[in-house]
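Open the model in a viewer and keep the selection panel at hand.

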Number of protein chains: 2
Amino acid sequence: ELVAALEQLQASRLPALSGKTVLITAGPTREAIDPVRFLSNHSSGKMGFALAEAAAKAGARVQLVTGPVNLATPAGVERIDVQSAQQMHTAVMQRASAADIFIGCAAVADYRVAEVAEQKMKKTSSNDELTLTLVKNPDIIADVAALTYQRPFTVGFAAETENLANYAKDKLQRKKLDLICANDVSSKEQGFHSEHNAITAYWQGGELALERQPKISIAHAIIELIANKLTQKRQ
Amino acid sequence: ELVAALEQLQASRLPALSGKTVLITAGPTREAIDPVRFLSNHSSGKMGFALAEAAAKAGARVQLVTGPVNLATPAGVERIDVQSAQQMHTAVMQRASAADIFIGCAAVADYRVAEVAEQKMKKTSSNDELTLTLVKNPDIIADVAALTYQRPFTVGFAAETENLANYAKDKLQRKKLDLICANDVSSKEQGFHSEHNAITAYWQGGELALERQPKISIAHAIIELIANKLTQKRQ
């Protein structure tokens, strides 16, 4: 299965995404607590930006919706900057139906603060403990995958610290994705701020393991895999 | 009062901090929720780094304890990287008594998560709401100001979105600081990620207003003010 997929990849021509529109999310989101404080996560955006670069090099029109990161926009990529999960959701849903491929690579905050304070919250000697009530954010990738009209080929990411394969396969089914890329973020050698990554991609009836290598070469392999799947779908 | 302080500043020679050790904190802190998520704030670290640069140029030995920022270390400055408020507290208290001047410019998180999850927390369909219990972090600047033996000249910062002057003067008294620099972070024109700032410095019986200008020139003015105050103290 795996060997067959690899051989198929190696035998394939250069990925041909010309004429295709690829919508990608990258980076973390920031969920405001007050004008000064926020909730976020350790995503650097590097994997999403590498995917945008690889898709652009494969000839696609690329739109990159990104949370706050410190990265230069790859050549030829249209960048849309957002902060919160709700802003990212809006930016994505406006563009999803016009895209052929959606890659949800951002580490979207699952929860946001229920009530954002308009002024900076004060620490007082009385409140030694503080309770923050969080509510669920919209599920961007599930909403894209659930589109019934002009649904793009939908690729998700699973960044986990344990039970990676099981969780990724469950997410593939549950969110009705076409492909999911799983990476273990418990190691400092890969994921998040690292320049390297190791990813296993799962789809219905197959998987492809990409060993630890630079994020840009992982990105080229994923874009190639997606292009192959699109071709198969059309046949 | 203010005019006198300004004239005194202008009349003074170049700040002479040679032979002095200056300990500075900068940037935000990050408080882990789990291996992936954290609480933080919008501090860019620019003001603290500018102060470190200005102090080094004034001839001081400078130690800069900084949270996660995307800034180059100024020439001749010793940099100590930390993540959490507790780590910053430890790094500062180890060095405070050996410092002549302490400038607490970091935006230290007032609260941290009571129990940090060892594995990434899972979003399940059952928990639409999540409660995060926060506990108070140590108060770094108050702990430095409260030193009874080898206490450095202690300078604080107050970043507020309202009632700035009142809050800053209250903080000066309450935490027994020698000087406090107040800046309004409600405007996008100054503070946090901006290259500019506008600050009013308060001390017992005086204040100095520094109008909107590049952070590095604000930093030189503050270092000059501190050097003057140190000289007065010795006399």
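A pocket, on a 1 Å grid over the protein atoms alone, is an open set of points with protein on both sides within 12 Å along at least five of seven lines; a cavity is a set where a 1.4 Å probe fits but cannot get out, and lining residues have an atom within 4 Å of a point. Grid points are joined across faces, edges and corners, and a volume is the space filled by probe spheres set on them. This is a predicted model, in which local features need pLDDT of at least 70 and side-chain atom pairs pLDDT 80 or more, while totals for chains, interfaces and linings use all residues. Residues are numbered from 1 along each chain, and chains are lettered from A in the order written.

Start with the largest pocket, about 1400 Å³ in volume. Select His42(A), His193(A), Arg30(B), Phe38(B) and Pro68(B), which lie nearest its centre among 47 lining residues. Next, colour β3 of chain A, then β2 (31–32), β3, α3 (85–95) and β7 (111–113) of chain B: each gives the pocket lining at least two residues. The pocket lining comprises 16 nonpolar, 24 polar and 7 charged residues.

Select Ile33(A), Arg37(A), Leu39(B), Ala109(B) and Tyr111(B), the closest to its centre of 13 lining residues. Then show β3(B), which supplies the largest share of this lining, 3 residues. By class, the cavity lining has 9 nonpolar, 2 polar and 2 charged residues.

Methods:
Heavy atoms only, no water. Helix = DSSP H or I, 4+ residues; strand = E, 2+ residues; numbered from the N terminus. Nonpolar A, V, L, I, M, F, W, Y, C, P; charged D, E, K, R; others polar.
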